[in-house]
Amino acid sequence: MADFNWKGIDLNLLIALQALYKSNSVSKAAERCYVSQSAMSHSLQRLRKLFDDPLFERVGSKMEATERAIELSSTVDALLNTIQSEVLLSKSFDVATYKGTWKIGLTDYAEQMFGPMIFDFIKQSSLSSQVAFFNVNRTNYQNVFEEAKLDIVIGSFGEVPKLYRTKHLYTEQHVCLLDESVLDIELPISLQSFVSVEHALVSPSGELKTAVDAKLAVLGYSRKVAIASSNFLTVKRLISGRKLLCIVPKLVARNGAHTEGSLVAVAPPIAVPDFDIQLVYRKGKHLDDKNRHLRDVISQAVEIVIDAG
């Protein structure tokens with residue numbers, strides 16, 4: 001550390017780097033940092049020289065980050081957060097007196113399954129705070145995360161960019177859900193019976209086909225999807241009293257089962273991949289007291305929901 005030559009190193013450049021990364025625009029980055037556009041352009045030139053990389057290249061109307069800029073961003077984000085939380089702020093986070101807002105992004109599935117319990121757990125330790133749920137999905141969660149300045153997102157997102165960290169919460173399985181009072185079908189369901197019945201489909205995009213249809217085609221079968229909805233609760237209501245069948249996550253089928261006595265969940269006759277429910281947060285928030293508390297609360301709430309069955 002003592003041998004490093006700090007001459008010419010301006011830590012404000014790191015702030016400029018993050019502003020450019022988050023905005024994909026020199027002018028918007030300048031606004032974020034309260035400097036002129038020419039000053040931000042000058043900072044970009046200095047950054048390019050410092051790291052010997054273009055860092056941001058113009059693609060259409062945006063400044064797209066290079067691989068080097070993406071790698072730097074997570075490290076710089078963690079560094080700036082450490083400076084803010086451990087160097088500049090002497091007062092530690094007090095959850096009991098916190099009066100701010102917990103901003104949580106959830107997929108449709110995650111909000112319906114875990115939202116109420118997460119709210120209850122948060123309010124137990126933070127009575128004066130507020131909770132805001134934001135709807136996210138696999139394609140938009142990064143944009144919503146940055147634009148709404150979320151604390152955490154919860155759902156199934158697969159591999160995430162290096163800017164984020166993930167925590168595994170739960171691995172979900174699938175079942176076939178049907179109303180046995182109206183749908184006369186022999187159990188366990190055979191593949192022939194499966195394709196002979198009309199299906200309801202949970203489809204966030206409105207598509208009427210999923211990977212299940214591709215698997216059926218390989219086996220020489222096809223099914224008829226009568227209706228698609230983006231909402232799990234809507235699909236459950238559709239199935240009730242109708243000759244429909246739907247593949248849903250096991251927790252969705254179990255949720256409210258005591259009030260839907262004629263609905264039964266059985267194993268599908270075709271393999272449907274499990275999916276992981278993840279908690280995703282910024283790498284720079286790993287040691288942040290507020291974010292760490294929220295991660296613990298969410299983990300406990302999800303565990304309670306899962307164990308309830």
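Helices (H or I, at least four residues) and strands (E, at least two) are taken here as DSSP runs, numbered from the N terminus. On that basis the protein has 11 helices and 12 strands. The model is predicted.

**Overall form**

The radius of gyration of the protein is 24 Å, whereas a compact globule of 309 residues would have one near 19 Å. The C-alpha trace spans about 80 × 45 × 35 Å along the principal axes. Of the 309 residues, 42% count as buried. Among contacts between residues at least 6 apart in sequence, 73% join residues at least 24 apart.

**Helix 1 and helix 3**

The axes of these two helices come within 10 Å and cross at roughly 105°. Angles of 65 to 115 degrees count as roughly perpendicular, so helix 1 is roughly perpendicular to helix 3. The residues that make the contact are listed below.

| Helix | Residue range | Contact residues |
|---|---|---|
| Helix 1 | 12–23 | Leu13, Ala16, Leu17, Leu20 |
| Helix 3 | 37–51 | Met40, Ser43, Leu44, Arg46, Leu47, Leu50 |

By type, the residues of this contact divide into eight nonpolar, one polar and one charged.

**Helix 8**

Helix 8 covers residues 211–218, and Val212, Asp213 and Leu216 are buried in it. These residues lie on the same side of helix 8, because they cover an arc of only 100° around the axis. Ala211, Ala217 and Val218, on the other side of helix 8, are exposed. The buried residues are covered by elements including helix 7 (191–196) and strand 10 (244–249). After helix 8 comes Gly220, with a positive phi near 85°.

Methods:
Residues are numbered from 1 along each chain as its sequence is written. This is a predicted model: local features need pLDDT of at least 70, side-chain atom pairs count only at pLDDT 80 or more; totals for chains, interfaces and linings use all residues. Side-chain values use heavy atoms; hydrogens and water are left out. Axes are lines fitted to C-alpha atoms, for helices over the stretch in contact, and angles run from 0 to 180 degrees between N-to-C directions. Angles under 35 degrees count as roughly parallel, over 145 as roughly antiparallel, 65 to 115 as roughly perpendicular and the rest as oblique. Contact means heavy atoms within 4.5 Å. Ala, Val, Leu, Ile, Met, Phe, Trp, Tyr, Cys and Pro count as nonpolar, Asp, Glu, Lys and Arg as charged, and the others, Gly among them, as polar. Buried means under 20% relative accessible area, exposed over 50%, partly exposed in between (1.4 Å probe, protein chains only). The arc is that of the directions from the helix axis to the C-beta atoms. The radius of gyration is taken over C-alpha atoms; the globule rule is 2.2 Å times the number of residues to the power 0.38.
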